[in-house]
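Take a look at the structure below. We will walk through it step by step, from the sheet to the helices and then to some local details.

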Amino acid sequence: MAWQIEHTHLPIRGLNLHIAQVGKGELGTVVFLHGFPEIWYTWRHQMLAVAAAGYRAIAPDSRGYGLSDQPPEHEEATWEDLVADVLAILDALSIPKAFVVGKDFGVIPAYDFALRHPDRTRGVMCLGGPFSPGPVDFDATMPEGFYILRWRKTGRAEADFGRHDVRRVVRTIYILFSRSEIPVAKEGEEIMDLADLSAPLPPWFTEEDLDAYAALYEKSGFRYPLEMPYRALHRMTKHVDAKFQVPVFMVMGEKDYCFKFPWFETAMRSGAMDTFAPDLKVTFIPEGCHFVHEQLPEQVNGLLLGFLKDHP
């Protein structure tokens, strides 16, 4: 499957970023932005689907991830960098406008890019996350053992992950994040303790898939992925009076553990997003988990292609 996908490195704002791409792009370009613990490979099903439909698919490894360069250790991780990287990739490839698709923390730069650069955006589709006009206060709503609060602390996740090899770490996180329960550790317990080797991989995620992820995290390590997103969430750009000038499509799996965050379902179902996005579509997938695009690729691909075709 992945042999059709080409790989290159582009010099982007002082770093060499790894870019996976496929398709001739007669109908336009779709840029895919991954989350954690992901890399470009998470979009493999969607990339081939949009390429077959006449689009060019581009999926970078975010800075500090996979085969992309690491930013300097002393440099603060910022969301503005992720948005500027997308713009620089489009410029480097001479692409005037693109659809942007985000997943997990990738929804943040996807939404942000659409707000900052509507002239370069044909539409934005986000999986597993509503638009937030500012940082979310997890301290006020979640217990101390909540994985984001644990991983936010410098050294805590490093010590936890350091007890295992990279493949075991990625395996455990994939298992935990594919469940419908929020990963929360008890006192005296670490996040990696929440699933042992007896826990099976999700049926839609193969050992070969795990090998692909593990190989790239072997290269990048977890230093920057812990900085971005977990230790940069409080620095999210504030968009209090945001108004999207492009079509917005939100897709949410109802068995995604994020759906159980205290504010999350209200944000998705209350109509609050209409305030920010006049041209908004929201679709719920009842059986969809946090990795709905890998779990149910045909369903997600159908929704994605429908969105692209609705906005020629």
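Helices here are DSSP runs of H or I with at least four residues, numbered from the N terminus. P229 lies in one of these, helix α8. Keep in mind that this is a predicted model.

Strands β1 and β2 run antiparallel, and seven bridges join them. P11 has its bridge partner, N16, in β2. Strands β5 (residues 98-103) and β6 (residues 121-127) run parallel, and six bridges join them. Here V100 has V124 of β6 as its bridge partner.

Stay a moment with β1 and β2. They form a hairpin with two residues between the strands. R13 lies in the loop between them. R13 is not a glycine, yet its phi is positive, at about 55 degrees.

Two packed helices are described by the angle between their axes and the distance between the axes. Take α1 (residues 44-52) and α11: the angle is about 45 degrees, and the axes are 10 Å apart. Because of that angle, α1 is oblique to α11. The crossing of α1 past α11 is right-handed. On the α1 side, the contact uses H45, Q46, A49 and V50. They meet P297, V300, N301, L304, L305 and L308 in α11. By class, this contact has seven nonpolar and three polar residues, with no charged ones.

Move on to a second pair. Helix α6 (residues 166-178) packs with helix α7 (residues 207-220) at about 120 degrees, with the axes 9 Å apart. That angle makes α6 oblique to α7. Again, what is the handedness of the crossing of α6 past α7? It is right-handed. From α6, the contact takes V166, R167, V170, R171 and Y174. From α7, it takes E207, L210, D211, Y213, A214, Y217 and E218. By class, the contact of α6 with α7 has seven nonpolar residues, five charged and no polar ones.

Aromatic rings come next. If rings pair when their centres lie within 6.5 Å, the count comes to 42 aromatic pairs. One of them is Y147 with Y230, an edge-to-face pair. The centres are 6.1 Å apart, and the planes are at 75 degrees. Y147 lies in helix α4 (residues 147-152) and Y230 in helix α8 (residues 223-230), so the pair ties together parts that are 83 residues apart in sequence.

Finish with two peptide bonds. The bond from F36 to P37 is cis, with omega near 10 degrees. P37 sits in the loop between β3 and α1. The bond from M228 to P229 is also cis, with omega near 25 degrees.

Conventions: Residues numbered from 1 in each chain as written. Predicted model: local features only at pLDDT ≥ 70, side-chain atom pairs only at ≥ 80, totals over all residues. Heavy atoms only, no water. Pairing = 2+ DSSP bridges. Axes fitted to C-alpha atoms, helices over the stretch in contact; angles between N-to-C directions. Parallel < 35°, antiparallel > 145°, perpendicular 65-115°, else oblique. Left-handed = near helix turned anticlockwise from the far one by under 90°. Contact = heavy atoms within 4.5 Å. Nonpolar A, V, L, I, M, F, W, Y, C, P; charged D, E, K, R; others polar. Phe/Tyr/Trp six-rings, centres within 6.5 Å; stacked < 30°, edge-to-face > 60°.
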